[in-house]
Amino acid sequence: PMVLALNMVDAAERRGIRIDRAKLEANLDYLKGRVDFIRVFCTVGGGLWDQRAAPIREVIDTDALRQLANLAYDTYGIRIMPTVFASKSGTPDERRAFVQYVGNVVRSMPEKFQLTEVVNEAENGAVAFDRNEVIEHAAALQKLVPHNVALTAPFSDWAAYYQNTPADIMTLHLERDVNGTGGVWRPVRQAREGQAMSTPWVSNEPIGIASSVAQDDDPLRLTMSAGCVWLCQGAAYILHTGAGIYGLAYQGSTGYRQANLWEQGTMSAVLDGLSALRKLLPADLPNWKFVNNNRNFPDYPFDTDPLVQEDAVLRSFVALNGNRFVCLPIRVAKDTTYIAKRRMTFTHYDPLTGNVIASPTLNPGERYILPGSPDGQRAAVFIGILE
């Protein structure tokens, strides 16, 4: 199904679950009924993390991960995605023991967990995990947990990093670059890169509110980002927000980071948009067949010639399931013509509200004009039936 999550990486650390518990509970309460799980770091240290450091021995001795899972799931109905290591602390044997701890906690109450990731950005110089060690830990986790296990988000050549490993799902950090074709909409279309892996995947740290490298707080773009991930066969979209990183208020690299989720100006609008979109889209959408809007995909339901002009519409990804289809046009800057290749009936929805815009029935060769917006701030949801 379409799974929605949030990066709340500070939740399992010393301050998150023990010292700042009231703050943690307030943020979990804000998310109740809005996300399926939160992604958390189990052990961290260095830099700003020193204020919230979670040494391996301390996490084990206090059973912090179990405490968090019990709180989040039992009180707020939110599952946990543990990222076991966010820093390379401890000796090799201590790290092996920590993997066993995490695996045993997950195994003891599997309903409270979603999936497990070994390392956050193992190739990051500040983390610097050898691939062989990451694979070793993944193999150990596979023997313990009943859920999917991911290695890490590689910086390049994702397929090669995951090839011939025990992992059965990939956690990807899609590009946040807003330069070039598509501009601020470019990160939305990057879901295609995940789909091209032809394996289960998760959008782990996409562009988001006060995210590093580049940030985006626009509700429409973030809502369509999730929609494109699900349509591109992504198993989960993890909303990335600055307030979920350190849980502190400070000036980040791309803007001011608030301490609490609700203090981010567009956060509620983003969550409302994501909720509206999930209600529209078929629950099994990630399992549908992906087709792109070009001549390499003969099953595409519309004539692709008007849809390859990127200055008009950046992308119009489609998913097919039998005679059913979903189409997600993004960054529609000019009026764009959708010419039916088969008889079809579809409903055009507003992505942020779920309101119906139109419900045309088209015979082959007939057209539907999707109005554009000169600033490119327009997207759409088409859900229909082919006859």
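Helices (H or I, at least four residues) and strands (E, at least two) are DSSP runs, numbered from the N terminus. The model is predicted: local features need pLDDT of at least 70, side-chain atom pairs count only at pLDDT 80 or more, and totals for chains, interfaces and linings use all residues. Residues are numbered from 1 along each chain as its sequence is written, and side-chain values use heavy atoms, with hydrogens and water left out.

The protein contains 11 helices and 19 strands. Its C-alpha trace spans about 65 × 45 × 40 Å along the principal axes. The radius of gyration is 21 Å, and this agrees with the value near 21 Å for a compact globule of 387 residues. That radius is taken over C-alpha atoms, and the globule rule is 2.2 Å times the number of residues to the power 0.38.

Buried means under 20% relative accessible area, exposed means over 50%, and partly exposed lies in between (1.4 Å probe, protein chains only). Of the 387 residues in the protein, 59% are buried. The accessible surface comes to about 14400 Å², and carbon and sulfur atoms account for 47% of it. Accessible areas come from the Shrake-Rupley method with a 1.4 Å probe; for residues, only the protein chains shown count as cover.

Contacts were taken as heavy atoms within 4.5 Å. Among contacts between residues at least 6 apart in sequence, 72% join residues at least 24 apart. Charges were also located. Lys and Arg count as positive and Asp and Glu as negative, while His and the chain ends are not counted. The place of a charge is NZ of Lys, CZ of Arg, CG of Asp or CD of Glu. The mean positions of the 38 positive and 42 negative charges are 3 Å apart.

Strand pairing was examined next. Two strands pair if DSSP finds at least two bridges between them. Strand E13 covers residues 324–332. It is largely enclosed by the rest of the structure, because 8 of its 9 residues are buried. Strand E12 (residues 313–321) runs antiparallel to E13, and 8 bridges join the two. Within this pairing, Phe317 has Leu328 of E13 as its bridge partner. The hairpin of E12 and E13 has 2 residues between the strands. There, Gly322 takes a positive phi near 65°. E13 is also joined to strand E19 (residues 381–386), again antiparallel, by 4 bridges. Here Arg324 is the bridge partner of Ile385 in E19.

Strand E8 (residues 234–239) has 5 of its 6 residues buried, so the rest of the structure largely encloses it. Its pairings are parallel. Strand E1 (residues 3–7) is joined to E8 by 4 bridges in the parallel sense. Leu4 has Tyr237 of E8 as its bridge partner. E7 and E8 pair over 3 bridges, also in parallel.

Strand E4 (residues 115–119) is mostly covered, with 5 of its 5 residues buried. Strand E3 (residues 79–85) runs parallel to E4, and 2 bridges join them. Thr83 stands opposite Glu117 in E4.

Several loop residues were then considered. Asn164 sits in the loop between helix H7 (158–162) and strand E6 (170–172). Its phi is positive, about 55°, although Asn164 is not a glycine. Asn164 counts as exposed because its relative accessibility is 74%. Val213 is found in the loop between strand E7 (201–203) and helix H10 (219–231). Val213 also has a positive phi, near 70°, in a residue other than glycine. With a relative accessible area of 68%, Val213 is exposed.

Val145 lies in the loop between helix H6 (131–142) and strand E5 (148–150). Val145 is buried, at a relative accessible area of 8%. Leaving out residues up to four places away in sequence, Val145 touches Gly103 and Val106. Its C-alpha atom is separated by 30 Å from that of Glu175, 30 residues apart along the chain. Phe155 is placed in the loop between E5 and H7. Phe155 touches Glu121, Glu123 and Asn124, with residues up to four places away in sequence not counted. The C-alpha atoms of Phe155 and Leu222 are separated by 22 Å, and the two residues are 67 apart along the chain.
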